[in-house]
Amino acid sequence: MTAVAVGGAFLSASLQVLFDRLASREVVDFIRTRKLNDGMLKKLKIKLLSANAVLDDAEEKQIRNRAVREWLDELKATIYDAEDLVDEINTEALRCKLEGESGSGSSQELNLISTRFAAFNEKVDYKMEEILDGLEFILEQKEFLGLKKGIRRISRSQRLPATSLVEESGVYGRDADKIAIIELLLSDEHRSSKVSVIPIVGMGGIGKTTLAQLIYNDDHVKKHFEIKIWVCVSDEFDVIRITRMILESVTCQKCDSKDLNKLQVKLKDILTGKKFLFILDDVWNENYMFWDTLKSSFESGAHGSKIIVTTRSEDVANMMQNVPYHNLQTISEEDCWKLFAKHAFANRELSSHPNLEGIGRQIVRKCKGLPLAVKSLGGLLRSESHPQKWENVLKNDIWELPEKENNILPALWLSYYNLPSHLKRCFTYCSIFPKGYVFTKEMSILLWMSENLLEPHKRKTTEEVGEEYFTDLLSRSLFQRHEYLGFTMHDLVNDLAKFVSGELFLRLDENYSHLKARKARHLSYMKRNIHSIKSFDALFENKYLRTFLPLGDCLLEYINFENPEVLQTMQYLRVLSLSEYSITKLPHSLGNLKHLRYLDLSSTDVKEIPYSVCTLYNLQTLLLESCRNLTELPDSIGNLKHLRYLDLSWTHIKEIPDAICSLYNLHTLLLSFCAYITWLPANVVNLINLRHLVIEGTSLKEMPMQMSKLKDLQTLSDFIVGKESGCNIKELKDLQDLRGSLCISRLQNVVNVEDVSKASLKDKKYLNQLSLKWEHDNDNAPKQMEVLDKLQPHTNLEKLYIEDYGGTSFPNWVGHHSFSRIVEVELGDCKNCYWLPTLGQLPSLTSLRIAGLDMVERIGDEFYCNGSSSHAKPFKSLEILSFSNMSQWKEWSQFEGDEEDGVFSHLKELSFGYCPKLNGACLPDYLPSVTNLYISGCHQLLASLASVRYPSLGFLRIYDCPELESIPKWGLPSNIHKISIHRCEKMESLSKAGWPPNLKSLEIFQCEKLFANCMQWNLETLTSLTSLKISEIDAVLNSFPEEGQLPANLTFLELNSLRNLKSLNGKALQQLISLKELRIYWCHQLQCMPEEGLPISLSQLDVNQCGFLNPRCQRDVGEDWPKIAHISRIQIDDEAI
């Protein structure tokens, strides 16, 4: 019983797709009709099958043999040529079908068609002979290269099995990971299972095995478990072998049995009642049945037994875990340097090689936190002391390093080698993305689709197949989630993709020859780097280019794409992006790109889509986002019968033409923020393949009738309820696949409340975000209460927003504890409500914002729990709580409970805005976790801050308190280290006493009166204050600051938008003996630097948008240069000088 994690060769999938297309009805019928030479097609298939037989062997050998790699590149290029030829045949067949070439017509027309047929046939025959000749030569070489049929292996000599031993002093940056997992090992919280399985997941080389070794050898762990076993599983998940290894380790006796039953029975008996720890290292198996069989003998162990699994795959982790897996991240640059220095310098003194340290740190940066890469390169340079050798390692691709010294190569290669062939194609295509580039799932799938990399499936759309592929690559740690948006590849994984893609993928940002540019089939570059690209001449000589993909932003236009000759040279393009180019008119030659599937014109200045674009019959993706000059679409857009994805977001289009409704393959229609669109065509409901319709930010008055016909719709951003004769809310009933976010607006238009029940929101289990909106029609409160009651969603909901609701109370479902997944709730402008719903029993609620509930006077027990039922601790997960525009709110009753683990125990951010009647004494007395407190228009609350206990409070923001004359008037919590004061118009002074003793940062914005008498700032006693920022001041200041006004211990000072500041007081600035950084922004009247100069301690000066000052500070030539020449870092208008 064995599972082996081995995929197929990359080109095998390409060949299979090509064979399928050769056998397709369209190609076969076309060849028969045109009487083309089908014998040559059969010969092509035979030769390709001959190449396919040795692909597995070639794929493995390419890692060590450059000649094999070059042979594969040649074969790939020939397969591309064959694909192009088949695509030409397909395209011609499609053109004939759509343009209705039936053979009837005048004799002149018939002669013209006959001539065209003959020319096309001749072209196909010529290309076929050319491809066959090329294949003949390539196949002759396979014998010389020693390529064998059907061989698929991975050299075990390259992969030493990991043992449990580790040198702990040589591991850096894993303390927090070690502590987190050991806490799980030593705790018995997860009582639902006797044996807890804890996976450690991460990319190859990130240190999963090393972390497991640290844990395995920890003294506390050794004492906690009676039995500890380490098993290196690797890619062959042999249940009998693994069971026997565990048994041999437990008994310390050799076992030769191959009888799984006997092995498992014996192991089960030995483990009975014993608490054990197993480490299953390097698991690749995704077959649940194998895992289920293996673990069956473990269940006899004592409660609290643990299994740690290390794997690269999230899918493996999800299959095996019963405890959330630990996702291992890269280590810090400083920890990388310690690891590198240990292996590179060994017994050598670092100080004796100062010239190597700088290069070494750059090499470390190149490894991007991957410990294996750091350790390998450190070991490679261990005996090298010549800087040139280090420079070579820095400049060379890691894949080009000597194999005997390179452990990175086999470690990462395995991640690729074990991919199924269809995933290899998609991963390889991603080599088009530069290092560090953040890409989206959507973009990747559209690009894969344009290259026909997604295998057709009977029950899934192409996009759904793409989603599966993407998720699989993410699960296998080849993609990584970016910190904010999208996804990236680790730099070394990017190198891997580039290695396997060969010379057919070219990134112009790197060094390249004209020969490479002419051979490449896929090309990208970062727009911001276009000025450094040598020449596009060679590119335009490449008539076989498939992908032209400028990426990023910051474009400076250097290519004139309005020149038809440019596009005519690239007739095989499948992907073309002209995004952000200053193009006003598209050339008609664009229509010659008959193979084009992906066209990105977003953020261009195009005013119209010419007819020629609408003859691109293969086009699947058309991106027109932010084409602000585009006001209409031509009716001929209906010719794009294969169009699947159309993005018109942020355009000024006023009307969607009816022709769109004939695009029956359309899968996604994006109209976000098309503010001029007021109606959708009635027949849009006939787009039965439509899955995503996004209409947020439009001016739609109501939905088209019969929306329920779009039964497969998955994304519907908005549903606008129509009036009596308009689209009824019950049309939502049949849209059972809706997922993501849905906003239902104009709910005041509901006539029959029972129609709301028929919408069946309760059944829409894939929705995770719901917005419910009325429009200031609060006359019929009882009806609105009924409507909201019947709008109850499924309990899978995660975010709920209710706006302009006119009822006097909320139905019971709002806040019911069964909504266990809700993390965010916002209630806005529900002006008739007298009390809040019971929100405290939502167990996962982390963010709550309440605004504009004008009738609420008191918040009491009803806010925390329903008195008629048992309840858990209220708001046990809440981290953000905001109240604003509560004009009548006076009292806030606190929930009685245990103080240490009481209500709001996890609250981090608390905000009050414009609650003028709220009694400050009502503030919660003890909030142990609050770090940020925001008070706007509620100056009466400040008096209570001296008496509250907020031990974690670090930041206080006071905004728009016009009655506040001084601060801190009553004292502030002692732990605050940053205070920001905005728009306090009457503030005249800063008090001498009451400041937090550890205050480090103070910001003052738009407090004009404070500058009437600068000597009343009283900051000189704040010995801990190191940062001061002053901004948005219109008062006339002839000089600033005054002597003694600012504390001498300041290290940072920013003067921003002091619009009438005439001069800086040099004597006062010289008193700031610790000042390190000075920023002066938007001070238009500031004439010059002070005669006394700036403090000698200053190391950084930033001057931005200061009209008089900027030229005076220019290096060597500016009049004020002698006053600032001692400062090491100077920036003028964001440029270093």
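Me: Before we start, what do the numbers and values rest on?

Reply: Residues are numbered from 1 along each chain as its sequence is written, and side-chain values use heavy atoms, with hydrogens and water left out. As the model is predicted, local features need pLDDT of at least 70 and side-chain atom pairs count only at pLDDT 80 or more, while totals for chains, interfaces and linings use all residues.

Me: How many helices and strands does the chain have?

Reply: There are 30 helices and 41 strands; these are DSSP runs, helices being H or I with at least four residues and strands E with at least two, numbered from the N terminus. Of the chain's 1137 residues, 55% count as buried, where buried means under 20% relative accessible area, exposed over 50% and partly exposed in between (1.4 Å probe, protein chains only).

Me: How do I read a pair of packed helices, say α15 and α17?

Reply: Two packed helices are described by the angle between their axes and the distance between the axes. Here α15 (residues 354-366) and α17 (residues 387-395) pack at about 15°, axes 9 Å apart. That makes the two helices roughly parallel, a label for angles under 35 degrees. Axes are lines fitted to C-alpha atoms, for helices over the stretch in contact, and angles run from 0 to 180 degrees between N-to-C directions.

Me: Which residues make that contact?

Reply: Among them are Leu356, Ile359 and Ile363 of α15 and Trp390, Val393 and Leu394 of α17; contact means heavy atoms within 4.5 Å.

Me: What about α21, which of its residues are buried?

Reply: The buried ones include Val465, Tyr469, Phe470 and Leu473. Their cover includes α13 (314-320), α19 (421-429) and α20 (441-450). Just after α21, Ser477 takes a positive phi of about 70°.

Me: Where else is there a positive phi at a residue that is not a glycine?

Reply: Ser760 has one of about 55°, in the loop between α26 (753-758) and β22 (767-773). Asp829 also has a positive phi of about 55°, and sits in the loop between β24 (824-828) and β25 (847-851). Ser760 counts as buried because its relative accessibility is 15%, whereas Asp829, at 29%, counts as partly exposed.

Me: And which residues are joined by cis peptide bonds?

Reply: One joins Ile967 and Pro968, with omega about -5°; another joins Phe1040 and Pro1041, also with omega about -5°. Pro1041 is in the loop between β36 (1027-1033) and β37.

Note on methods:
Parallel < 35°, antiparallel > 145°, perpendicular 65-115°, else oblique.
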